[in-house]
Amino acid sequence: MAQIGLMNVFAVEGKEHGILVNAISPVAKTRMWNVQDQPEDLRPNRVAPGVLYLASPECQESGFILRASNGQFTAARWIERDNVDYPLNLAAVESSTAEDLATRWQEIAADVAF
């Protein structure tokens, strides 16, 4: 979440200067997985086109997370609900107990598409 938060702040702050900021969420078998041989699937080179696109002049979007795996790509965004003035007013439902939060969950998550 910290990376997404930074990406969103940089995307907002950079907008007036023509700076676009996105993130990539790659899935590939790399040395981090302790894979010594060439992986049979989830190859890093199948994620590379997403990185290249995000760094290219062709990309004119900002504030996206590009999810990449084995040559497949999908975009996601973290979007705050309307009327939020973070951090003081989340335009949210107040709750003081976990039990109350549980009973009011449908109200809390009303604007979120599942």
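In which sense do E2 and E3 pair, and over how many bridges? They pair in the antiparallel sense, over 5 bridges. The views below show a predicted model, where local features need pLDDT of at least 70, side-chain atom pairs count only at pLDDT 80 or more, and totals for chains, interfaces and linings use all residues. Residues are numbered from 1 along each chain as its sequence is written, and side-chain values use heavy atoms, with hydrogens and water left out.

**View 1. The open sheet holds 3 strands in the order E1-E2-E3.** Strands (E, at least two residues) and helices (H or I, at least four) are DSSP runs, numbered from the N terminus. Two strands pair if DSSP finds at least two bridges between them. The pairing here is mixed. E1 and strand E3 (72-76) stand at the edges, each with a single partner strand, so one side of each has no neighbour in the sheet. From one strand to the next, the twist averages 20°. The axes behind that angle are lines fitted to C-alpha atoms, and angles run from 0 to 180 degrees between N-to-C directions.

**View 2. E1 pairs with E2 in the parallel sense.** This pairing covers 5 bridges. Ile24 has Leu66, in E2, as its bridge partner.

**View 3. E2 and E3 form a hairpin.** The two strands have 2 residues between them. Asn70, in the turn, has a positive phi of about 55°. Ser69 has Gln72, in E3, as its bridge partner.

**View 4. Helix H1 covers residues 2-15.** Its expected span is 1.5 Å times one less than its number of residues. The 14 residues should therefore span 20 Å, and the end C-alpha atoms are 20 Å apart, which agrees.

**View 5. Ser62 lies in the loop between helix H2 (48-54) and E2.** Ser62 counts as buried because its relative accessibility is 18%. A polar atom of its side chain lies 2.9 Å from the backbone nitrogen of Val21. Ser62 touches (heavy atoms within 4.5 Å) Ala11, Ile19, Leu20, Val21, Asn22 and Arg77, not counting residues up to four places away in sequence.

Terms used:
Buried < 20%, exposed > 50% of the residue type's maximum accessible area, 1.4 Å probe, protein only. Polar contact = N/O pair within 3.5 Å; in protein donor to acceptor, adjacent residues only side chain to side chain.
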